[in-house]
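Work through the exercises below with the model open. Try each task before reading its solution.

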Amino acid sequence: MKILSFTALVAFILALVPSFVLASRVTTQDQLEYEYIVVGSGAGGGPLACRLAMAGHKTLLIEAGNDQNGNINITVPGYQAVVTNDPKLRWDIFVNHYQDQTRARRDPKFSYEVAPYKYYVGPDPPFGATPLGILYPRAGTLGGCVTHNALILITPHASDWDGIATITGDNSWAATNMDQYLDKSVMGVQPDPTISALTGLAGTLLVDPNSRLNPNRDSTQGFFQIPLIMKDGARKAVRDFIAATVKGGYNLTVRENCHVTNITFDTSGSKPKATGVNFLDGKYLYRASPLSGDQGTPGSATASKEVLISGGAFNTPQLLKLSGIGPFAELKSFDIPVIADLPGVGLNMQDRYEIPVNVKHGTDFNVLNGCTFDGKPDDACLTKWENNPYFLAQRGAYATNGLAGAMAVHSNYASTTDIDLFIFGGPVDFTGYFPDWNDASLADHKHFSWYTLKAHTRNTAGTVQLRSADPLDTPIINFNYFDTGTTAGGADTLDLNAMIQAVNTSREALRKYADYAILGGDAFVEEEPGPDVQSNEDIGQYIKDRAWGHHASCTAAIGADGDPNAVLDSQFRVRGVQGLRVVDASVFPRIPGVFIQAPIFMVSEKAADVILNGETT
Ligand SMILES: Cc1cc2nc3c(=O)[nH]c(=O)nc-3n(C[C@H](O)[C@H](O)[C@H](O)COP(=O)(O)OP(=O)(O)OC[C@H]3O[C@@H](n4cnc5c(N)ncnc54)[C@H](O)[C@@H]3O)c2cc1C
Ligand SMILES: *[C@@H]1O[C@H](CO)[C@@H](O)[C@H](O)[C@H]1NC(C)=O
Ligand SMILES: *[C@@H]1O[C@H](CO)[C@@H](O)[C@H](O)[C@H]1NC(C)=O
Ligand SMILES: *[C@@H]1O[C@H](CO)[C@@H](O)[C@H](O)[C@H]1NC(C)=O
Ligand SMILES: *[C@@H]1O[C@H](CO)[C@@H](O)[C@H](O)[C@H]1NC(C)=O
């Protein structure tokens, strides 16, 4: 008890003092001159800004959110669900899986707004509730979504990089060349020995799904531990790299609580040249934040070399469009002056499909005894985590993200030899994202979920469009799932069949897991999809109704010179203008690998290399 109240006191004090690591706020306009401006401090922008500053360039990193240093939600891996609900970081973005609203509402996660940032989830909403769609969690905070994500670091497949080399003819994208950027990335992999603390399964799992020693790694099936980006059982990621770079005395200024509203251009030459950004200073300005309401104070900054956009797969296309870069007709319809007519901005959006098989046991999982997953004073698992800071193996369940292990599977519907299903297992009741999903998934300790991520999905039909010309509005996001998206060559059916097979495989694993008594062991009932859902058709409908994703990407894609929808060239440069690049989840022509942050970290390092050492004409 004593320790917990002391921690609460420290957290409270830290919340009161401005974060000590960040450079002091520059206030006068004429001082806002930099060589590089990076917009967005997540997986793409954070490491990039650090590298540019470490190379001696005067760099401004602008972040709409703020530093949550000292907030225990961001450091305890076991709080990876709770942290997505923290109003100080969270952006509530609502998306459409289907544009047909009747079909969209078949998903029990479909949500409505009943009062500002108060939601109703499920069928039969109260009268007058405003339909919103499906929650897509995002973080507006220093470090971006890496500060609230599930910490899983799985490196992409060789084919992901080789594909970009083939499309662009730029061999620096070949997988053999990309390995160096994984080595350079400070977001190192730490295969996690506490797995045994959570499950007792350590002996039965292959250790490293990222193994480079195994030449057939991309096609190797089996059970794996889940590598997490953490150090000594605590989340250590992009936020910490940025803080260390500032502390190290490098020429990096972090401007937090600052929302970039558009990019400025010098249009006097033959090609418009990006010269800087306009922004609004203020806390929680974006309307996705439940703490929003303020209008902010306008300002601007200039970049003598380049402006680099790293706002993520939703915000990067929004910001490009607000700056006059995008499809001509859409820009015109909002009276935005056209700088470059690039029809591909906000198209080509891709994501994974994810689906669970959930069961409920008669008794609790012992391993979760004392874990409330919410930081309340009776959270004994937090005490254990806090009291053993230097002994990873003794920090307990909270030194994991709550998932026990993963199966890598090559389905019968894969297009290549690469595995195309990752199926995670853990003692949670996870059915996807919806308001307060964190409470629901951890409400009791009797549930176990096997949940699938489909890699190499074939649907490229997602879109990000402006809702208005107001930069503080969220964009309209349509994923156009399954048969409402890419159908050429049976793409939708192949993806769906692989997912049906994944449900079958998850059920098989459940039948076998009676062997792992430590998991809870005793009898269980299947809750989702439920015992009645057995035929391919019924399982397929369950998947179509309830699948979700959380690796949105490819919305400002690299492409070949002749491709009218290519937004970037192979050096991240925005086509049709000068001095502007995009470096984040948006750049991929095809969604990479199984998890997306490792490829983004690698892209961030590559971009720094290209900018510092490559051609920049
Ligand atoms: C709940 C959840 C769990 C996840 N778990 C994993 C996982 O375990 N493993 C994995 O590989 N991936 C995971 N992901 C995905 C991964 O974290 C993201 O895909 C990745 O962080 C995206 O990187 P990014 O640089 O493109 O954008 P982000 O990390 O989202 O960073 C963008 C930043 O830009 C800022 N920004 C945006 N617009 C503006 C503006 N106009 N002005 C100023 N700042 C702006 C935002 O505030 C944000 O901080 C998860 C995602 C979620 C939502
Ligand atoms: C940052 O860069 C600017 C411009 O190059 C230079 O004037 C300034 O001294 C540098 N500051 C530090 C702390 O290196
Ligand atoms: C952690 O997040 C929860 C929301 O999920 C919030 O209620 C709580 O205040 C946050 N804790 C801290 C220390 O900010
Ligand atoms: C950016 O916004 C400013 C202020 O709203 C506006 O005057 C300017 O035309 C915009 N620039 C571009 C390129 O859209
Ligand atoms: C899934 O399992 C069911 C029941 O065993 C079987 O009929 C079906 O063909 C399987 N589907 C796929 C896609 O593997």
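The exercises that follow concern a predicted model.

**Exercise 1. The disulfide**

Task: Find how many disulfides the whole structure holds, and state which cysteines are joined.

Solution: 
- Step 1. Search the whole structure. One disulfide turns up.
- Step 2. Name the partners. Cysteine 371 is joined to cysteine 381, with an S to S distance of 2.0 Å. The cut-off for a disulfide is 2.5 Å between the sulfur atoms, so this pair qualifies.
- Step 3. Determine the hand. The angle about the S-S bond is -80 degrees, and the link of cysteine 371 and cysteine 381 is left-handed.
- Step 4. Cysteine 371 sits in the loop between β16 (354-361) and α11 (380-387), and cysteine 381 sits in helix α11, so the bond ties together parts ten residues apart in sequence.
- Step 5. Check burial. The limit for buried is under 20% relative accessible area. Cysteine 371 has 4%, so it is buried. Cysteine 381 has 9%, so it is buried too.

**Exercise 2. Two further cysteines**

Task: Decide whether cysteine 50 is buried or exposed, and do likewise for cysteine 258.

Solution: 
- Step 1. Take cysteine 50. Its relative accessible area is 0%, so it counts as buried.
- Step 2. Take cysteine 258. Its value is 1%, so it is buried as well.

**Exercise 3. Strand β18 and its partners**

Task: Work out which strand β17 pairs with, and how many bridges join β18 to β19.

Solution: 
- Step 1. Start with β17, residues 405-409. Five bridges join it to β18, and the two strands run antiparallel.
- Step 2. Pick a bridge there. Alanine 406 has phenylalanine 424 of β18 as its partner.
- Step 3. Turn to β19, residues 447-454. Six bridges link it to β18, again in the antiparallel sense.
- Step 4. Pick a bridge here. Isoleucine 423 is partnered by threonine 452 of β19.
- Step 5. Look at cover. β18 spans residues 421-426, and six of its six residues are buried. One face carries Leu421, Ile423 and Gly425, and the other carries Phe422, Phe424 and Gly426. Both faces are covered.

**Exercise 4. Valine 260 and ligand 1**

Task: Locate valine 260, and list which residues are closest to ligand 1.

Solution: 
- Step 1. Valine 260 belongs to strand β11, residues 258-266.
- Step 2. At 7% relative accessible area, valine 260 is buried.
- Step 3. List its contacts beyond four places in sequence. Valine 260 touches Val39, Ile62, Val277, Asn278, Phe279 and Leu319.
- Step 4. Move to the ligand. Ligand 1 is surrounded by 39 residues, and the closest are Gly44, Glu63, Ile152, Val260 and Gln597.
- Step 5. Consult the record. An unreviewed UniProt entry annotates Val260 as "binding site".
- Step 6. Oxygen atoms of ligand 1 lie 3.2 Å from one in alanine 43, 2.9 Å from one in alanine 585 and 2.8 Å from one in glutamine 597.

**Exercise 5. Serine 468**

Task: Find where serine 468 lies, and which side chain its own side chain meets in a polar contact.

Solution: 
- Step 1. Serine 468 is in the loop between β20 (463-465) and β21 (476-478).
- Step 2. Follow its side chain. A polar contact of 2.7 Å joins it to the side chain of aspartate 473. A polar atom of the serine 468 side chain also lies 3.0 Å from the backbone nitrogen of aspartate 470.
- Step 3. List contacts beyond four places in sequence. Serine 468 meets Leu322, Phe334 and Asp473.

Note on methods:
Residues are numbered from 1 along each chain as its sequence is written. Chains are lettered from A and ligands numbered from 1 in the order in which they are written. This is a predicted model: local features need pLDDT of at least 70, side-chain atom pairs count only at pLDDT 80 or more; totals for chains, interfaces and linings use all residues. Side-chain values use heavy atoms; hydrogens and water are left out. Buried means under 20% relative accessible area, exposed over 50%, partly exposed in between (1.4 Å probe, protein chains only). Helices (H or I, at least four residues) and strands (E, at least two) are DSSP runs, numbered from the N terminus. Two strands pair if DSSP finds at least two bridges between them. UniProt positions are given in the numbering used here, feature names are shortened, and annotations may be inferred rather than shown by experiment. Contact means heavy atoms within 4.5 Å. A residue is near a molecule or strand if one of its heavy atoms lies within 4 Å of it. A polar contact is a pair of N or O atoms within 3.5 Å; within protein, one must be able to donate a hydrogen and the other to accept it, and residues adjacent in sequence count only if both atoms are side-chain atoms.
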